[in-house]
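Subject: Structure handover

Hello,

Here is the structure I said I would pass on. Please look through it first; my notes follow below it.

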Amino acid sequence: MKNFALIGAAGYIAPRHMRAIKETGNHLSVAYDINDSVGIIDSISPQSEFFTDFERFYDFAHRLKRDPKTAVNFVSVCTPNYMHLSHITAALRLGCDVICEKPLVPTRTDLEELLQVEKETGHKVYNILQLRHHQAILDLKKQVEMQPKADKYDVELTYITSRGQWYMESWKGDPRKSFGVATNIGVHFFDMLHFIFGKLEKNVLHYADAQKACGYLEYEKARVRWFLSIDANDLPEDIKGQQTTFRTITIDGDDIEFSKGFTDLHTVSYEEILAGRGYGLEDARFSVETVEYIRSAPQKAALPDEAHPMLTQLLQK
């Protein structure tokens, strides 16, 4: 049994980490968040210590190291995106391995800093890249590898996840903290595309604002038109008022269904990490570099065969 600490216990994603710790037979020793709305702990790990001051949390975790039976082995980081670097390096220097939510860090420079701190401390950082464990994605990757095409696959990725007014008032609506829509909700899709289709050869941004973005990516084995949005108005007419999320990927015109099980993969990710098969810093490099470029890229007019169908609607508004 491993002992875990969790930083960011009041966040949306934290309960998935708490359950993953429990379901893999491990112990959540202590949790931290500046917000004390963490009653979910009672239904998952009621014995865990909890602090709202980082200094008290860190001191408590450090004192646990005096006894090998209580020493924290892993720290799970579920804090706002802009705090990941600081919390990961603090956990490494505490003498722990780290499991961090995506996006891991915003820039290549930050990634290099983490590699340096890994060397200094002898501990490892793992990124949650759960789509790499989704059976539909694994099946597709195998299909692409086993059935090489003379030409590239034509792929269309659409992800619309409606968010209310609270989103723009929260840290997620601040591009200095979330790094924008393409990074905050798109990074794991970009990782998935790289995982399936290989090296990125072209990256073009067609449109971006505070609520949506779209562009074109070309990989070794695929041409991808992508669209990401948090605006409910972008939902297809036939599902408006019925569901708040629309997620689809088509390959050469065929739909690939991967909505089912999408939220159930954190435990699998933890199992793989604990078994020594987790995804580390170099695995995260591609998605970090992809979204870093998208954030600074100029918006360019789309070539006809590179435009996502939603782009026409955006440009007409």
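Strand β1 (residues 3-7) and strand β2 run parallel and are joined by five bridges. Two strands count as paired if DSSP finds at least two bridges between them. Helices (H or I, at least four residues) and strands (E, at least two) are DSSP runs, numbered from the N terminus.

Before going further, two notes on the basis of all this. This is a predicted model, in which local features need pLDDT of at least 70 and side-chain atom pairs count only at pLDDT 80 or more, while totals for chains, interfaces and linings use all residues. Residues are numbered from 1 along each chain as its sequence is written, and side-chain values use heavy atoms, with hydrogens and water left out.

Back to the strands. A5 has V30 in β2 as its bridge partner. Together with helix α1 (residues 14-23), β1 and β2 make a right-handed β-α-β unit. Right-handed here means that, with the strands pointing away from the viewer, the path from the first strand over the helix to the second runs clockwise.

β2 also pairs with strand β3 (residues 49-51), in the parallel sense and over three bridges. There the bridge partner of A31 is F50 in β3. Strand β2 (residues 27-32) is mostly covered, with five of its six residues buried. Buried means under 20% relative accessible area, exposed means over 50%, and partly exposed lies in between (1.4 Å probe, protein chains only).

**Aromatic rings**

A pair of aromatic rings is described by the distance of the centres and the angle of the planes. Rings of Phe, Tyr and Trp (its six-membered ring) pair if their centres lie within 6.5 Å; planes under 30 degrees apart count as stacked, over 60 as edge-to-face and the rest as tilted. The count by this rule is twelve aromatic pairs.

One of them is F4 with F74, a stacked pair at 5.1 Å centre to centre with 15° between the planes. F4 belongs to strand β1 and F74 to strand β4 (residues 74-77), so this pair ties together parts that are 70 residues apart in sequence. F4 and F74 are both buried.

F51 and F60 make a tilted pair, because their ring centres are 5.4 Å apart and their planes stand at 45°. F51 and F60 are both buried as well.

The largest pocket has a volume of about 1000 Å³. Of the 39 residues lining this pocket, the closest to its centre are Y12, I13, W171, K172 and N184. The elements that give two or more residues to its lining are α4 (84-93), β7 (153-161), α7 (165-169), α10 (187-197) and β11 (245-251). By class, the lining of the largest pocket divides into 17 nonpolar, 14 polar and eight charged residues.

The terms work as follows. On a 1 Å grid over the protein atoms alone, a pocket is an open set of points where a 1.4 Å probe fits, with protein on both sides within 12 Å along at least five of seven lines; lining residues have an atom within 4 Å of a point. Grid points are joined across faces, edges and corners, and a volume is the space filled by probe spheres set on the points. Ala, Val, Leu, Ile, Met, Phe, Trp, Tyr, Cys and Pro count as nonpolar, Asp, Glu, Lys and Arg as charged, and the others, Gly among them, as polar.

The second largest pocket has a volume of about 270 Å³. Its lining has 19 residues, and F179, G180, V181, A182 and D209 are the closest to the centre. That lining has twelve nonpolar, three polar and four charged residues.

**Single residues worth a look**

F179 is in the loop between α8 and α9. Its phi is near 70°, a positive value in a residue other than glycine. F179 counts as buried because its relative accessibility is 16%.

D252, in the loop between β11 and β12 (254-256), also has a positive phi, near 50°. At 37% relative accessibility, D252 counts as partly exposed.

A cis peptide bond joins K102 and P103, with omega about -10°. P103 is in the loop between β5 (97-100) and α5 (108-121).

Regards
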